[in-house]
Amino acid sequence: MNEFLAAVRFLTVVPVPGRGGMREEDLAGSVPCFPLVGLLLGGIAAAVAWAAALYAPPMLAAVAIIVTLMALSGCLHLDGLSDTADGLLSSRAPDRMLEIMKDSHVGAMGVIAIVGIVLVKFAALASVAPGLLWRTALLMPLAGRCAIVVHMALLPYVRPSGLGKVFCRRRARWSAAWAGAVFLAVAWGVLSWRGIAVAAASLAVAAVFAVYLWRKIGGTTGDTFGAVCELAETVPAIVMALGPIAAGGEP
């Protein structure tokens, strides 16, 4: 239970009573709980999406989902995306990239990355059929948190210290397999074969980004956890928005 509370404390701003999950050992053991936190956030986002689809036009519904996910995470992952973009797109040596990523100031690339990802989410969610919107919202945060676990399994932590290093103390291969299984099961449950396509695309994006990070900086950091979360979280919305086009009409 403490491991789950630690994952909730780390990944969200949801208030957790008491001091459960605050030890370093709890954080280190919380990685298998990341998909469960993704499901928790997805359930809240799905409820918002269901209500918004009933009472609001598509654009307002899309905004409601995006704002809900940002609020629940405290924009933690967007901050990681911003820092990652500033570092990786600076065309510097790997060590200098890591220094830039650690800088608290936001550069032009970071701003562009935040604006870009939010615009893509908005455009994609506004294009999803209303009847499928809550399913899409359910899978988005699950995809992001599972992608973090995949990166913990695939990549070494490149900084000598930092909160992210606690999670990478144990290589999370079994946790990654568990995360993938949870993602596939939930995706199948709500969308059948289309859900499998969503899960496969999200995990593929996480894997490709892992290769990119390996080539650029030789591993992962806490900031890149946020970046891959945001990238993978966007994939379900894109796949669901493109679904009717690929099928030649409405789903």
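1. Glu233 is buried, at 3% relative accessibility (buried means under 20% relative accessible area, exposed over 50%, and partly exposed in between, with a 1.4 Å probe and protein chains only). Salt bridges that share partners join Glu233 with Lys121, Arg145 and Glu230 into one network. A salt bridge here is a side-chain nitrogen of Lys or Arg within 4 Å of a carboxyl oxygen of Asp or Glu. By this rule there are 4 salt bridges.

2. This is a predicted model, in which local features need pLDDT of at least 70 and side-chain atom pairs count only at pLDDT 80 or more, while totals for chains, interfaces and linings use all residues. Residues are numbered from 1 along each chain as its sequence is written, and side-chain values use heavy atoms, with hydrogens and water left out.

3. Which parts of the chain does the pair of Lys121 and Glu233 tie together? The side chains of Lys121 and Glu233 form a salt bridge, with N to O at 2.6 Å. Lys121 lies in helix H7 (residues 108-127) and Glu233 in helix H11 (residues 222-247), so the pair ties together parts that are 112 residues apart in sequence. Helices (H or I, at least four residues) and strands (E, at least two) are DSSP runs, numbered from the N terminus. Lys121 and Glu233 are both buried.

4. Glu233 also forms a salt bridge with Arg145, and the closest N and O atoms of this pair are 2.7 Å apart. This pair, too, links distant parts of the chain: Arg145 is in helix H8 (residues 130-154) and Glu233 in helix H11, 88 residues apart. Arg145 counts as buried because its relative accessibility is 1%.

5. Another salt bridge joins the side chains of Arg96 and Glu99, at 3.1 Å from N to O. Both residues lie in helix H6 (residues 94-102), 3 residues apart, which is about one turn of the helix.

6. How many disulfides does the model hold? The count is 0, where a disulfide is a pair of cysteine sulfur atoms within 2.5 Å. For Cys75, the nearest cysteine sulfur is that of Cys229, 12 Å away. Cys75 is partly exposed, with a relative accessible area of 31%. Cys229 is in no disulfide either, and its nearest cysteine sulfur, that of Cys146, is 9.8 Å away. Cys229 counts as buried because its relative accessibility is 0%.

7. A search of the whole structure finds 4 aromatic pairs. Rings of Phe, Tyr and Trp (its six-membered ring) pair if their centres lie within 6.5 Å; planes under 30 degrees apart count as stacked, over 60 as edge-to-face, and the rest as tilted. One of the pairs is Trp188 and Trp193, with ring centres 5.0 Å apart and planes at 85°, so this pair is edge-to-face. Trp188 is partly exposed at 41% relative accessibility, whereas Trp193 is exposed, with a relative accessible area of 64%.

8. Why does the pair of Phe209 and Tyr212 count as stacked? The ring centres of Phe209 and Tyr212 are 6.1 Å apart and the planes are at 20°, so the pair is stacked. Phe209 and Tyr212 are 3 residues apart in helix H10 (residues 173-217), so about one helical turn separates them. Phe209 is buried, with a relative accessible area of 11%, but Tyr212 is partly exposed at 31%.

9. Tyr212 also belongs to a nonpolar surface patch with Leu89, Met109 and Ile112, and together these residues have about 360 Å² of accessible area. Patches are made of residues with over 30% relative accessible area and no salt bridge; like charges are joined within 9 Å, and nonpolar side chains (Val, Leu, Ile, Met, Phe, Trp, Tyr) within 5 Å. Accessible areas come from the Shrake-Rupley method with a 1.4 Å probe, and for residues only the protein chains shown count as cover. Met109 is in helix H7 and is partly exposed, at 36% relative accessibility.

10. Gly131 is in helix H8. Gly131 counts as partly exposed because its relative accessibility is 48%. Gly131 and Ala237 are 106 residues apart in sequence, and their C-alpha atoms are 13 Å apart in space.
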